[in-house]
Amino acid sequence: MNRRERRASARKSHKVSTGPGAASPEVLCLNALGHLQAGRLIDAQVCCRKALEIEPGHANSLYLMGRVALEAGQNDHAAEWLARAFASAPKADYVSSLGIALQRLGRREDALQALEKAVQLQPDNAQNWKNLANVLFELQRTEKAILAYRKVLGFDPRDWDATCRLGYLHSRSGQLEDALACFGVCDALQPNHAPTLHMRSVFLLGLKQYDGAIAEGVRAHALDPANAETCNNIGSAFNGLNRHDEALPWFDRALSLRPAFDAALYNRAFTLGKLRRVDEAIAIHDCLRANLGASSAVTEVNLAHLLFNLGRCEDAAAALDLCLDRRPDDVSALQLRAVCLRKLKQLDRSLADSRRAHLLDPLNAGICNNIGAVLHELGRYLEALQWFKQAIALQPDYLEALNNMAQVQHRLHRLAEAVGTYDRVRVIDPFNAVAELGTAHLHLLRGNFEAGWAGREARWRVPGLPIVYPKFSQPMWLGEGDIAGKTILIYADEGMGDAIQHARYVPMVAARGARVVLAVHPALVGLLSAVEGVSLCIANNSTEAMPAFDIYCPMLSLPLAFRTQLDTIPTGLSYLGAPSEDRVRAWSDRLSPRERLRVGLVWAGNPDHDNDLSRTMPLREMTHILDVEATFVSLQKQLRPNDTAILEQRRIIDPTADLTDFGETAALLGCLDLVIAVDTSVAHLAGALGLPTWLLLPHTPDYRWLLDRDDSPWYPTLRLFRQSERRDWAEVLGRVRSELVARCSSFAAG
């Protein structure tokens, strides 16, 4: 019905009264109402003015004058008329309309007071509640607005607009599941509405329900293919699933629709970084930085985060330095810089930033967790534990903090508590890979190999774990089925020490009739080529060179494949091929005459190892044993700061520049009498060669060294020297020195 038809209809249903009572205010008001409903605002105004000439305080006439002004868009006049009407007669309709006028004038606080009065006067009126809810929505009074919209939906559960706004309020307060439910109702009430589907996709993304976010986003995109936000959201969901190659085209699509879409540019750069297309990602970063402005959705902190994700922690920290120079109290910048500094092993500076951020935002669970993580790396486990507990008190379902707390409990030998904490994680997230892997390591540490080996398969699902493993289309072999006549690829999936330890299983695989192709770190190829049963040994740093194979097995899954128990560990004095006598002799000739016991030393491991601080000692600690009458030989390839000066001052032979691979190291070990080492690949090599080796272990060692024993079922010639609960290397080296003095005396006695 058009405007003309509405007016005609109104004339029929609201005939203007005539007759003896035509001049009364009541009749004039009735006529004014008819004119108003028919859209004849001037006629309605004339009737109201006549009524007010008769009775200046006539409330209904004042009210209708306000209604006319509202219809005409004269909100200031409307507010004056309606305020006078309500002053004359406190009716719900009058004050409700006054609230609407005030809302339109931007006087939301005044509007709120008026609309609250309306619902007090007329609590069963759904429209009054909706008007109140709308003002509360605009004022961002989230909790009260939620209650008001729920009241509206109590009158009419099918009110689409109220349900939609309620959903937005839930999302504003972080209640994404409730928001999702509201937009599910909206979808049912109005199917195939692209904005509704888009918002469902946004909420599903926030809930990390990535498959659902993709499904709803694709539906929204089919209905509204020109919406760049939807494309960006779908790409983000694919990133959440680590399907970065599928994410990238969606960001490209978003940018083709809106070239200056900073959020999509940022996400595209992040994705390119994950795809190792770093130069392209950095080019976008530079573009974003050039475009950075107040209107940009991307901030300086976002750009630093991008650099961090690209592995450029130094650049990220430098960018955050500039940001914090301008805004010293930017909590997000402080937090991110703390994480960058932690990655750069600048732990004291990282801790200082996190503590400062905590002072600014003491209820932030993430900051408490970050402080705990740095203290953990510093070996200050009891302090770390308290910060993780504080984070969990603030956010009881904080999975990262719970997993971190379990790891600290592990370090403190509170093993039962650690298992209980991991159990809490799995109650919240039954498939949490970090908790599965942590529990597996606890089982292995205590000798429960059956549960431990099976649980370690969770490592493939742990994000960020430094495991390099290509995706193979061939099936994985874990001990089941006949493999005779098949070619199996055994791939080194973790560290070099791990590869040396698990090479003992290769002859067992070959004994089942399989042809074994062994893919290991380049530095191990020469050494492990000689292992019995190896048909071909290649470097694992290039999948392009992989020969054809039928099945594969990760090297650290071999104990699971052979169902290894404590009493079935494959042992033998040496499963590695002995180094050639010529190479051993050549190394022996380079050393001083064999008048003293020859002792090889390793005091530090891989600085990138997550437990490096605990299992590594400074060389200055090792000097406690250097006064013993022995010939000391450095086997330490990676020197730490200050190591070089101590090496020059002390009588330690350092031939490491010529240790080009592990074959060369094995030849050098072959002319030594004893190796004293921290937990490193050299210790594994010495043990695998059957050489006398004293292994120096932190209080909480790696799972393979078990607990409460001074021998190893993996290497018969290993002797374990463990830290006590004091975690004091000096105490360990005191015991080592006493044993070494006795051994040197025996050597000298012949």
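Here is a short walk through the structure above, from the whole chain down to one residue. The model is predicted, so local features need pLDDT of at least 70 and side-chain atom pairs count only at pLDDT 80 or more, while totals for chains, interfaces and linings use all residues. Residues are numbered from 1 along each chain as its sequence is written, and side-chain values use heavy atoms, with hydrogens and water left out.

Let's begin with the overall build. The chain holds 38 helices and 10 strands; these are DSSP runs numbered from the N terminus, with helices (H or I) of at least four residues and strands (E) of at least two. Its radius of gyration is 38 Å, well over the 27 Å that the globule rule gives for 750 residues, so the chain is more spread out than a compact globule. That radius is taken over C-alpha atoms, and the rule is 2.2 Å times the number of residues to the power 0.38. Along the principal axes, the C-alpha atoms fill a box of roughly 140 × 55 × 50 Å.

Next, the inside of the chain. Of the 750 residues, 51% count as buried, meaning under 20% relative accessible area with a 1.4 Å probe, protein chains only. Contacts (heavy atoms within 4.5 Å) tell another part of the story: among those between residues at least 6 apart in sequence, 59% join residues at least 24 apart.

Finally, look at T656, in the loop between β7 (652-653) and α36 (662-669). T656 counts as buried because its relative accessibility is 8%. Leaving out residues up to four places away in sequence, T656 touches S634, L635, Q636 and K637.

Note on methods:
Buried < 20%, exposed > 50% of the residue type's maximum accessible area, 1.4 Å probe, protein only.
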